[in-house]
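Thanks, everyone, for making the time this morning.

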Amino acid sequence: DARRIEQVIHDYETSRDAVDVAATVERTVESVTDGRDGQATVSTNLAESTIWTSRRLLEFAVTNLVENAIEHGDTPEPRIEVRASATEAAVEIQVVDDGPGIPASEREVLQAGEEAPLAHASGLGLWSTKWAVETMGGELSFGESDLGGAAVRITLPSAVNDS
């Protein structure tokens with residue numbers, strides 16, 4: 001995982017381009033759910049938008065969040081929605097689910113940005129997503145979903161070109 005994270009972040013430094021957010025997120029969700037029939041119901045509601053970023057890094061972050069929602073769902077067929085909205089200032093991608101949510105202790109560690117012996121995350125998945133989002137100049141935040149579980153938000157600047 002650590003090597004994959006390092007490679008994806010390195011790619012960001014060398015391969016930014018105009019990225020169609022809706023198309024990229026749709027393809028990513030299809031890739032994650034391909035072959036997982038009956039494991040989860042995943043739907044999308046995506047506004048059209050284009051941002052200047054690394055397609056691979058965006059795919060990495062969305063993949064982690066969708067896989068996390070599927071793996072941690074506590075029903076026979078978890079329900080997950082991936083949503084995207086855009087304003088002039090930002091693009092927001094949300095992965096919402098009907099699962100148990102993300103424990104407060106895990107959210108607090110991620111929001112603090114550091115671990116301690118008695119306060120640490122359970123794995124690299126959300127940490128790597130946070131790093132990916134921050135590398136893209138964005139922010140990762142957590143809340144409760146209208147489906148009853150977690151709502152994880154990626155907020156990215158909507159500037160088309162930062163060069």
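Predicted model: local features only at pLDDT ≥ 70, side-chain atom pairs only at ≥ 80, totals over all residues.

Let me begin with Ile93, which touches Val21, Val25, Leu58, Val62, Val82, Arg83, Ala84, Val152, Arg153 and Ile154, leaving aside residues up to four places away in sequence; contact here means heavy atoms within 4.5 Å. Residues are numbered from 1 along each chain as its sequence is written, and side-chain values use heavy atoms, with hydrogens and water left out.

Ile93 is also one of the residues with the most contacts inside the largest nonpolar core, together with Val25, Val66, Val82 and Ile154, and that core has 38 residues. By nonpolar core I mean a set of buried Ala, Val, Leu, Ile, Met, Phe, Trp, Tyr and Cys residues joined through side-chain atoms within 4.5 Å, where buried is under 20% relative accessible area, exposed is over 50% and partly exposed is in between, with a 1.4 Å probe and protein chains only. Which helix gives the most to this core? That is α3, with nine residues. Helices (H or I, at least four residues) and strands (E, at least two) are DSSP runs, numbered from the N terminus.

Helix α3, residues 55–71, has 17 residues and reaches 24 Å from its first C-alpha to its last, close to the 24 Å expected at 1.5 Å a residue, the expected span being 1.5 Å times one less than the number of residues. Its buried residues include Leu58, Phe60, Val62 and Val66.

Turning to the strands, β2 (residues 41–46) and β4 (residues 79–86) run parallel and are joined by six bridges, whereas β4 and β5 (residues 90–97) pair in the antiparallel sense over seven bridges; strands pair if DSSP finds at least two bridges between them. A hairpin of three residues joins β4 to β5. Within β4, Arg83 is the bridge partner of Asn45, and Arg83 also stands opposite Gln94 in β5.

What charged partners does Arg83 have? Glu81, Arg83 and Asp146 are linked in a network of salt bridges, a salt bridge being a side-chain nitrogen of Lys or Arg within 4 Å of a carboxyl oxygen of Asp or Glu. The closest N and O atoms are 2.6 Å apart for Arg83 and Glu81, and 3.1 Å apart for Arg83 and Asp146. Because Arg83 lies in β4 and Asp146 in the loop between β6 and β7, this second pair ties together parts that are 63 residues apart in sequence. Arg83 counts as buried at 19% relative accessibility, while Asp146 counts as exposed at 61%.

The whole structure has three salt bridges, and among them is Lys130 with Glu134, whose closest N and O atoms are 2.8 Å apart. Being four residues apart in helix α5, Lys130 and Glu134 are separated by about one helical turn. Lys130 is buried at 12%, and Glu134 is partly exposed at 40%.
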